[in-house]
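Q: I'm new to this structure and would like to learn how to read it. Could you walk me through it?

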Amino acid sequence: MWPKPLLHTLESMIQARNLTKFYGRTRAIDDLSFTVEPGRVTGFLGPNGSGKSTAMRCILGLDTPTSGTATVLGQDYRDLRFPLHTVGALLDASDVLGSRTAAYHLAFLAASNGIPRSRVDEVLERVGLADVAGMRVKGFSLGMRQRLGVAAALLGDPAVLILDEPVNGLDTEGIRWIRQTLRAMADEGRTVLLSSHMMSETELVADHLLVISRGTIVADEPTVDFVARNAEPRVRVRGAELNRLAALLGDHLEIRGDTGTVRGVTSREVWRLAATHDIALDELTPVTASVEEVFTRLVSGRHTFQDSATLQESA
Ligand SMILES: Nc1ncnc2c1ncn2[C@@H]1O[C@H](COP(=O)(O)OP(=O)(O)OP(=O)(O)O)[C@@H](O)[C@H]1O
């Protein structure tokens, strides 16, 4: 078990206020404002290049925003005296000197943040790397590096965790492990922000979603609400007389072979229509859009940010 259960505290959170970052003429993030609450996993979801890493780097003081502010527990990250005690972050798992052993890498981080050496063994155990503690990192697979990155993030027993695409390179067992770890962290009252470009994967762990597209937040709501709000109900119909149904439904019905997809009309309405006009149907099934579809539809055509939305810095 984790040694120090945290109390839910209003301070255990991340706040971004009107955060904007230009790289030259490219606007990576645009006027982002959001709060990441404690006690839940927040998924920071967006296609590649939508600005997730930039926002995280601004929160972690690795980049200076062009305008706006980002705070962790009410403070600028750079003002934190022992940052690892407050924020555990995993941005780039390959960012470790290969010549170091896993244990040495963590011991070095611990020493620089006033964390006792005994904690290194605890986190290595927790992430499943205890057996390879003395191995040089250059021999690690990407999945092992991800685990080491998570170990480093957990080292200071922080109230806030920020992880950029942590499942990259993990196998199925590793993905399940990271989900369970993040869930446990949130249940202990910590603030967990996790970025991903995959809705299906994020949906399984995130209680709340911040969806980013082309540098702006397009949704900030509980995951279930996001899916319910965006899932467009459809009805699958099958039969030899779909042409007759098409004459009644017009653009609402798309036919491929003997199967049709009805959009914008409930299954009950389709059934009534078919019954009234005596149209035989072999199948009539309501279909809910998958979460991946929902997400893709929301951000589709919007992720070529650099092409379509590069602005003059002065604009
Ligand atoms: N150091 C940089 N210099 C120039 N442009 C950058 C830099 N970092 C990011 N960008 C640009 O800013 C935009 C947002 O990139 P960012 O890496 O934040 O997106 P992302 O959502 O994290 O994507 P990915 O998942 O691919 O990392 C992109 O257009 C990217 O090319």
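Q: Which residue in S12 is the bridge partner of Leu253?

A: Strands of a sheet pair through backbone hydrogen bonds, either parallel or antiparallel. Here, Leu253 has Val262 in S12 as its bridge partner. S11 and strand S12 (residues 259-263) are joined by four bridges, in the antiparallel sense.

Q: What is the strand order of the open sheet of four strands?

A: Reading across, the order is S11-S12-S10-S13, and the pairing is antiparallel. The edges belong to strand S11 (253-256) and strand S13 (283-287); each has a single partner strand, so one side of each lacks a neighbour in the sheet. On average, and ignoring direction, neighbouring strands of this sheet are turned by 20 degrees against each other.

Q: Which helix packs on that sheet?

A: Look for helix H10 (residues 267-276), which touches strand S10 (234-238), S12 and S13. The direction of H10 makes about 165 degrees with that of S13.

Q: Now for the open sheet of three strands: which strands stand at its edges, and why is one side of each left without a neighbour?

A: This one runs S2-S1-S4, with antiparallel pairing. Strand S2 (26-36) and strand S4 (67-72) are at the edges, and each has a single partner strand, so one side of each has no neighbour in the sheet. The twist from one strand to the next averages 20 degrees.

Q: How many bridges pair S1 with S2?

A: Strand S1 (residues 14-23) and S2 share seven bridges, in the antiparallel sense. For one of the spots to look at, find Ile14: the bridge partner of Ile14 in S2 is Val36.

Q: On to helices. At what angle do the axes of H4 and H5 cross?

A: For a pair of helices, look at the angle and at how far apart the axes are. Helix H4 (residues 118-127) and helix H5 (residues 142-154) have axes that cross at roughly 135 degrees and come within 9 Å. H4 and H5 are therefore oblique to each other. The crossing of H4 past H5 is right-handed.

Q: Which residues meet there?

A: From H4 you have Arg119, Val123, Arg126 and Val127, and they meet Arg147, Val150, Ala151 and Leu154 in H5. Sorted by class, the contact of H4 with H5 has five nonpolar residues, three charged and no polar ones.

Q: Are H5 and H6 roughly parallel or roughly antiparallel?

A: H5 and helix H6 (residues 172-187) pack at about 10 degrees, with axes 12 Å apart. That angle makes H5 roughly parallel to H6. In this contact, Arg147, Val150 and Leu154 of H5 meet Glu173, Gly174, Trp177, Ile178 and Met185 of H6. The classes come out as five nonpolar, one polar and two charged.

Q: And how do H8 and H11 pack, at what angle?

A: Helix H8 (residues 223-230) and helix H11 (residues 291-299) meet at an angle of about 75 degrees, their axes being 10 Å apart. So H8 is roughly perpendicular to H11. H8 brings Phe226, Val227 and Asn230, while H11 brings Val291, Val294, Arg297 and Leu298. In the contact of H8 with H11, five residues are nonpolar, one is polar and one is charged.

Q: Where does pLDDT stay under 50?

A: Where pLDDT is low, the predicted coordinates should not be read in detail. In this model, pLDDT stays under 50 over residues 1-8, which have 20 contacts beyond four places in sequence. pLDDT also stays under 50 over residues 302-315, with 25 such contacts. For the protein, the mean pLDDT is 85, and 91% of the residues reach 70 or more. The predictor gives the complex an ipTM of 0.94 and a pTM of 0.79.

Methods:
Residues are numbered from 1 along each chain as its sequence is written. This is a predicted model: local features need pLDDT of at least 70, side-chain atom pairs count only at pLDDT 80 or more; totals for chains, interfaces and linings use all residues. Side-chain values use heavy atoms; hydrogens and water are left out. Axes are lines fitted to C-alpha atoms, for helices over the stretch in contact, and angles run from 0 to 180 degrees between N-to-C directions. Helices (H or I, at least four residues) and strands (E, at least two) are DSSP runs, numbered from the N terminus. Angles under 35 degrees count as roughly parallel, over 145 as roughly antiparallel, 65 to 115 as roughly perpendicular and the rest as oblique. A crossing is left-handed if the near helix is turned anticlockwise from the far one by less than a right angle, and right-handed if clockwise. Contact means heavy atoms within 4.5 Å. Ala, Val, Leu, Ile, Met, Phe, Trp, Tyr, Cys and Pro count as nonpolar, Asp, Glu, Lys and Arg as charged, and the others, Gly among them, as polar. pLDDT is the predictor's confidence in each residue, from 0 to 100. Two strands pair if DSSP finds at least two bridges between them.
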